[in-house]
Amino acid sequence: MTTSDPLLKENVKPLSMEFHDDILSTIGHTPLVRLNSVTSGLDPLVLAKVEFFNPGGSVKDRIGWPIIEDAEREGRLRPGGTIVEATSGNTGVGLAMAAAIKGYRCIFVMPDKMSQEKILLLRAFGARVVVTPTAVEPEDPRSYYSVARRLVEETPNSILADQYYNPVNPQAHYDTTGPEIWQQTAGRITHLITGMGTGGTITGIGRYLKEQNPDIQIVGVDPIGSILYELHRSGEYTTAEGYKVEGIGEDFLPGTTDLNVVDEIVQVNDRESLLMARRLVREEGIFCGGSCGSAVVGAIRYIQQHRLGHDAVVVVILPDSGSRYLSKVFDDDWMRENGFLDQVWSDIRAGDIQSQKDSGLVYTAHTTDLLRDVVTLMKDHNVSQLPVVNADDRLVGLVSEIDLLNHMLLTDHVHQASETIEGMINTDVPVVGENSRLETLMSLIKDRAAVVIVNNHDQVKGILTKIDILDYLSSQLR
Ligand SMILES: Cc1ncc(COP(=O)(O)O)c(C=O)c1O
């Protein structure tokens with residue numbers, strides 16, 4: 001068949017053109033993805049609603065556009081106007097995207113604990129970003145809520161998007177996220193689990209799902225330090241304390257949170273949240289942010305505590321992408337500085353330790369090398385054992401100081417300068433791959449002097465002793 005074949009031309013011609021009128025109409029309809037690895041051993045079907053598929057990369061794209069259209073409809077926002085918002089970042093992007101298309105200016109006020117990526121991202125949309133201190137009360141004039149309100153008073157033709165009190169926020173989830181989940185699960189969802197910031201997500205989805213089936217359990221996830229868990233449990237207002245996960249938890253009850261639709265709240269801590277976010281990336285391939293880890297830890301805890309079985313269909317909201325946290329959750333130094341990484345020894349691979357060794361160079365001996373030359377090699381490089389390779393460069397064993405010494409001391413042997421190391425090679429050598437984990441390395445090296453690192457072709461890539469491992473681990477301490 002040639003390209004001039006009329007049939008082929010006919011076949012490849014699309015029936016109609018497919019495109020969106022603008023980026024805003026691509027918002028929503030995010031996929032549900034089954035979690036497999038991090039939920040192994042649990043009976044329910046656990047489905048993640050992956051919100052970074054939205055064009056601005058988060059669940060908040062769903063509220064930016066309707067908030068602006070609502071203000072336009074009510075005549076509060078006129079052409080050339082300015083949108084002001086107190087935002088931890090994601091809502092800013094949702095608003096900035098819609099504002100870019102509609103020609104509005106944006107000013108965003110962010111607490112200083114937010115990642116640099118989020119600030120740069122908002123500036124990329126042309127927004128002005130004002131950074132305020134995190135560690136002040138909401139009523140303090142320096143708090144990000146107060147600063148945002150003041151900016152609106154000072155700026156003519158401006159509105160506060162007001163995601164914490166604007167009913168359009170939960171309504172957007174009632175109109176889009178809730179129905180999507182109901183349809184995607186064919187009405188079989190039994191539990192919805194999500195973090196809570198403004199509470200718009202849990203309130204909107206929760207209301208919609210409860211209307212479809214009042215038995216569906218709506219479960220919130222709250223970081224330790226936030227007041228929402230205790231407020232829901234006992235009605236008591238406690239004092240908020242700092243935590244590192246971004247976007248969830250509050251020090252007040254937002255007007256957009258309806259705790260009546262929430263059946264239970266599960267508490268999670270920073271460490272387990274952030275480590276889970278890293279596992280979601282490395283084990284499920286889902287490049288999501290820190291609060292996604294919180295939501296999944298909360299879901300697993302809830303499933304275990306309530307002993308949910310095979311009939312449960314649990315949907316967990318993953319609000320945003322990992323790209324917003326590269327300098328935090330996914331930066332080992334930041335994780336270590338904040339005391340979150342000492343559990344991650346299991347991530348260390350043999351190749352990591354080898355590449356950090358002083359020279360990184362690997363010295364080997366050949367089976368045909370003279371004993372004398374091998375001793376010189378050991379002395380010159382201050383090593384007490386050497387991997388030995390054959391003519392094809394494949395590992396055959398190890399020669400060590402003690403083996404050579406024992407050989408030299410043999411009395412019933414004629415020692416000659418021409419003697420090679422061939423008869424002194426210890427072939428019982430523990431080997432690992434460059435990707436082998438620290439725990440494998442430790443189990444092999446326990447009673448041995450060294451472990452050799454080889455590639456798929458048995459070529460030597462390194463040799464590790466206990467002091468190399470110790471040196472590596474101690475260099476990781478702060
Ligand atoms: C990263 C992240 N996760 C979760 C949420 C919580 O969503 P909601 O404000 O609808 O409760 C937010 C809100 O800002 C967020 O940015």
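The protein has a radius of gyration of 30 Å, whereas a compact globule of 478 residues would come near 23 Å. The model is predicted. Along the principal axes, the C-alpha atoms fill a box of roughly 105 × 75 × 50 Å. Of the 478 residues, 42% are buried. The secondary structure comes to 16 helices and 16 strands. Contacts also reach along the chain: among those between residues at least 6 apart in sequence, 66% join residues at least 24 apart.

Start with a pair of helices. Two packed helices are described by the angle between their axes and the distance between the axes. Helix α9 covers residues 270-284, and helix α10 covers residues 290-305. Their axes lie 7 Å apart, at an angle of about 100°. That makes α9 roughly perpendicular to α10. Which residues of α9 meet α10? They are E272, S273, L274, L275, M276, A277 and L280. On the α10 side, the partners are G290, C292, G293, S294, V296 and V297. By class, this contact of α9 with α10 has eight nonpolar residues, four polar and one charged.

Move on to a sheet. Three strands form an open sheet in the order β11-β12-β13, and the pairing is mixed. β11 (365-366) and β13 (395-400) stand at the edges. Each has a single partner strand, so one side of each is left without a neighbour in the sheet. Strands of a sheet pair through backbone hydrogen bonds, either parallel or antiparallel. Strand β12 (residues 385-389) and β13 pair in the antiparallel sense, over five bridges.

Helix α14 (residues 401-408) lies across β12 and β13. Relative to β13, helix α14 runs at about 70°.

Further along comes another open sheet. Its three strands have the order β14-β15-β16, with mixed pairing. Here β14 (431-432) and β16 (460-465) are the edge strands. Each has a single partner strand, so each has one side left without a neighbour in the sheet. β14 and strand β15 (residues 450-454) run parallel, joined by two bridges. V432 stands opposite I453 in β15. V431 has V452 in β15 as its bridge partner.

Is β15 mostly covered or mostly open? It is mostly covered, with five of its five residues buried. In a regular strand the side chains alternate between the two faces of the sheet. From β15, A450, V452 and V454 point one way, while V451 and I453 point the other way. The residues pointing either way are all buried.

End with a residue in a loop. E137 lies between β5 (128-132) and α5 (144-154). Is E137 buried or exposed? E137 counts as exposed because it has 12 C-beta neighbours inside 10 Å, and a residue with 12 or fewer falls in that class. Now look from E137 to Y229. These two residues are 92 residues apart along the chain. Their C-alpha atoms are separated by 19 Å.

Conventions
Residues numbered from 1 in each chain as written. Predicted model: local features only at pLDDT ≥ 70, side-chain atom pairs only at ≥ 80, totals over all residues. Axes fitted to C-alpha atoms, helices over the stretch in contact; angles between N-to-C directions. Helix = DSSP H or I, 4+ residues; strand = E, 2+ residues; numbered from the N terminus. Parallel < 35°, antiparallel > 145°, perpendicular 65-115°, else oblique. Contact = placed C-beta atoms within 7 Å. Nonpolar A, V, L, I, M, F, W, Y, C, P; charged D, E, K, R; others polar. Rg over C-alpha atoms; globule rule 2.2 N^0.38 Å. Buried ≥ 20, exposed ≤ 12 C-beta atoms within 10 Å, placed from the backbone. Pairing = 2+ DSSP bridges.
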